[in-house]
Amino acid sequence: MSLAGLQDGARVTPVARAPARRRRPRLEAATPGMGHGVALSLLPAVLLFGAFFLVPLGVVVVTSSSDWGPLGLSFTGLENYRILFADAAFWSALRNTASFAAAAVLIQVPVGVAVAIILSRRIRGWRLLRTIYFLPNIVSGAALALVYVTFYNPRYGLLNQALGTLGLDGTRDWLFDVDTALPAVAATWVFTAGLVIVLVMAEIAAIPEEVYDAARVDGATRWEQTRHITLPLLRNAIGVCVILVLLFTFAYFDGVYIMTGGGPADRTLTLSLYAFQEYSNSNWGYANAVGVLLIALGLVAIVAVRRLFRIGERDF
Amino acid sequence: MAARLLGRSSRGVFLALVALACVGPVVWVVLSSFKTQSQIFGRGDLLPSPFSLDGYEALFTQIDVTGYLVNTLLYAGGGTAGALAVALLAAYPVARLRFPFRRAVGLLFSAGLAIPIAGLIVPEFVIMRDLGLFDSRAGMVVFYSAMWFPLAFVILRVYLSGLPPSIEEAAALDGARYFQLLRHVILPLARPGLATAGVIIFINVWNDFLFNLLLAPSSEHQNVQVGLALFRGQFTTDIAAILAGTTVMMVIPVAVFVLFQRQVIAGLTAGSSR
Amino acid sequence: MTSPTRAAALGALVAMAFAGSGCFGGDDGDSGGAAAGGEVVITCEACPTTAPENDPFAQYRKELTDAFNDEYAGRYRIEAKPYTPANDADSAQHYQRAAATDTLPDLFTDQATVVRDVARSGKLVDFAPELDAGWKDTFQPDAFLSLTDAEGHVWGVPEQRDAVGIFYNEDLFRKAGLDAFPASWDELLAACSALKSAGVIPFAMDGDWVTQLMWSNLIGTSPGGPEFLQAGIAEGDYAADPAVVAATEYLKRLHTDGCVNEDAFSGDYNRAAAPFLDGQAAMIANGPWMVPDIEEAKLDAGYARSPGDGLIVIPGEAGWASGARDDAAREAVTAFMTFMTSDAQMLRKALVTGSYWPTTFDPKARQAKRLEPLSYDLLQQADSVAATYPHAKFATPQAFTDAWINQWPAYVQGDLSTEDFLGALSDAVQRQR
């Protein structure tokens, strides 16, 4: 009953899927000295986690109200936030990040769910297709960015060459035209729903066949089966997917940094890139204010989505 | 009947379009990396003709790709080993033993997955600098181990909870101590979980761009993602070299994935649904 | 074994997983100092250890380092610890960080604006005392312009003084019926039409370096232009200067009239270089370091001053700076600077790299004959041209360039007014001060 059972189409075994049953062997009584072992065992994790998650989190929050740079730190209260909300670049970044988030939730997730449902019917070549869909998740963001820089190049990129062959306008500089930059960037990841597909397929595989059999006996069409059985049962998984794509969107950096640097005129600037730019300009306190906002956004998103999708108790 | 057929073909078209969106540009870049400069510029066809290794030659002679690859291998291997080791040590007690604050600790470590680490770039930089780990290979390995510890923890915890409860009872009968138990009994049993988490983390560390750029930016310490992406500006006219570089960046993770598909997918479904 | 020992062993295993890779621990640049035998070792991040054939600057630097080590063997020695930045921003960050972490090398080079930025950390060597003692006379009067700050500190020693002109493809010019390079801005527009009719891209630009060079030419050939480019530009407030506004609008017009390649954005120098070197574009503004690429592309090229009778002359755009911390290292560094700017070394540099000297060196005729004709000829025109001026990047921080790359496409596409575009640039500069 191991995780290896979570393959391709096999029914997921209840033991591995259900929330971990609390095993409580009372070992302390049987073998004194285990306590020390446990403490030592947890120590590296505590140190690493503390140093690289907890301390930074604290630092970000505390110094977000300061003017911090290589030359020193001085607290300035809410000054950073005042500057932040007055900065047009910040609003661009916020708007763009929100647009990306919307695209992720409204396009990426539905596409992934739809593909997963279709593939779960075990049509021919479904395994190969799933690999193809997952490929963009395997390749690095940097590599993909370089792929698309070339793809979108006005002179020799595939897109313009194809458009030219079809007799359409094949001269646009997609990544640097103020009207097309944001959609062009979004298009590089919004249709690649590999993770969603994999997760939803695994969840669909856990639905017992009997439920569908009963529905078929009652005369339900395939679409009705999907709508009334599959989708409701996928509620949790879809909710998890929404959280995952939102977290990815907030963290998205590689693509915008390499493809456009945030331009033109901040049309593709995201909060993460904005924070990095401020870090590069040694405005550390200010960058941390942006960081605080990013983290807050992430937490809000998780809480909101969990509530919306009524996700049960999870580790998140 | 007609509706059925229409439904089937439109589904097929849909699947094909999504597939094209996923791999089309990538395949084009890989194919084009074997073209000559003039074929790339000319409104040519998709397949290279003549087949040429000019791009690869230019790439490997002009920049230290081997160095970048070695760095990336070190970071991915070291980071994975580190994350797995620390995570196993932490996940075992949280999953299977009882001790004060166990649930809180488990929750805390898992919560690491929820923080968009892009918001922490400044303090990560400062902490690495203050610990003397900034701009060093060892430092990158430590950082990656810490960064991927939460995911490894979550995956291993789920996995270990799934093992039968009799293990500890049998061990108690044998009078085993904690680390003996861990090393001789749990470790072998945990191998599939370790493999799963390991493959996912390896690929992710291999692909990392932001944190290598942020924390070990000098050119001797760059990984292949940062090194090749930034060098784009150096190639005045050699597009084939850039395409070759992009292909090189993608090869290893794809190969690892193809070999370990099963583990990757299993791990993701376990790690994320919890 | 008892439990604690086991635990320690396991802990050690985990620790080894980290330390094992410590064998590959990176090293950062830092200062040398007096070695036991009295030979002073100084670290140099601009000195390469290998010199690939297609990189004349690397060849020159390596020869320079070796020659210095030979000359001063036993007294001073340069330890080469080359640092290759991927781009300008990368380099700027690297040295800022080095200053913040006290790991600056004894010798390094960078753009003057970066050197001045890093100098604010207080960790750089000030060469003003040595210069005041008479060394200054061997340099051109404007040589230290970019490396001196408002208080008179001199943070670096310039390595070159070059004239930056406009390369033009003589074949394409002939094809369009043009027999001379345009001498005025109106003539440039006319040449543009002729070239377009001949199916040629008149001007190649890239949205950053080349574009800013032409902007600088437009401003520099206007009244008050040279002063603006030397100093006024660092103040911000560009929209108030009519010459700047006119220059910006003319430059935009070149784009909207179809005189410039369609993909003249992104800041990727490739976008300008590719069409020119491929023979599809007729003109490109760039420095003499492009000559080797042009020769390799077998183009029949000329090198001209700017329309409007002006020339970009950049004295000391880049400089050698030092983070040396003790007197022995400083002495060695000064010896190097003197060596580097000596006549023999400067001539050698011009022969290998095609870039010229910031000193008053005047080569004899037979020496001059060996120099690259296009660039040397243009440099000598600096004496007869109506106006000489630096280019925009000379006195502006990296933030200016970042803002330019960001806003320029939107401005050309009509999404921003000239005032707003110049305002964005001004903001970027003023925020850094």
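## Exercises on chain C

Leaving aside neighbours within four places in sequence, Thr65(C) touches Cys44(C), Cys47(C), Ile78(C) and Ala80(C). Keep in mind that this is a predicted model. Let's start with that threonine.

**Exercise 1.** Work out which helix holds Thr65(C), and decide whether Thr65(C) is buried or exposed.

*Solution.*
- Step 1: Find residue 65 in chain C; Thr65(C) sits in helix H2, which covers residues 56–71.
- Step 2: Count the other C-beta atoms within 10 Å of Thr65(C): there are 22.
- Step 3: The cut-off for buried is 20 or more, so Thr65(C) counts as buried.
- Step 4: Now try a pair. Thr65(C) and Ile233(C) lie 168 residues apart in sequence, and their C-alpha atoms are 36 Å apart in space.

**Exercise 2.** Find the order of the strands in the open sheet of chain C, then say which strands are at its edges.

*Solution.*
- Step 1: Three strands make up this sheet, in the order S4-S11-S5, with antiparallel pairing.
- Step 2: Look for strands that pair on one side only: these are S4 (108–111) and S5 (157–158) of chain C, the edge strands.
- Step 3: Check one pairing up close. S5(C) is joined by two bridges to S11(C), which spans residues 318–321. In that pairing, Pro158(C) has Gly319(C) as its bridge partner.
- Step 4: See what packs on the sheet. Helix H4 (residues 112–119) of chain C does, touching S4 and S11, and its direction is at about 110 degrees to that of S4(C).

**Exercise 3.** Compare the span of helix H8 of chain C with the expected value, and list its buried residues.

*Solution.*
- Step 1: H8(C) runs over residues 209–220, which makes twelve residues.
- Step 2: From first C-alpha to last, H8(C) reaches 16 Å, close to the 16 Å expected at 1.5 Å a residue.
- Step 3: Go through the residues for burial: twelve of the twelve are buried, so the helix is mostly covered. Among them are Trp209(C), Met214(C), Trp215(C) and Gly220(C).

**Exercise 4.** Describe how domain 1 of chain C meets domain 2 of chain C.

*Solution.*
- Step 1: Get the bounds from the domain assignment: domain 1 is 33–160 + 316–362, and domain 2 is 163–315 + 385–432.
- Step 2: Their centres, taken over C-alpha atoms, are 30 Å apart.
- Step 3: Count contacts: 19 residues of domain 1 touch eleven residues of domain 2.
- Step 4: On the domain 1 side, helices H3 (88–100) and H4 of chain C each supply at least two residues.
- Step 5: Sort that side by class and you get eight nonpolar, seven polar and four charged residues.

Methods. Residues numbered from 1 in each chain as written. Chains lettered and ligands numbered in written order. Predicted model: local features only at pLDDT ≥ 70, side-chain atom pairs only at ≥ 80, totals over all residues. Pairing = 2+ DSSP bridges. Helix = DSSP H or I, 4+ residues; strand = E, 2+ residues; numbered from the N terminus. Contact = placed C-beta atoms within 7 Å. Axes fitted to C-alpha atoms, helices over the stretch in contact; angles between N-to-C directions. Expected span 1.5 Å × (residues − 1). Domains from an automatic or database assignment. Nonpolar A, V, L, I, M, F, W, Y, C, P; charged D, E, K, R; others polar.
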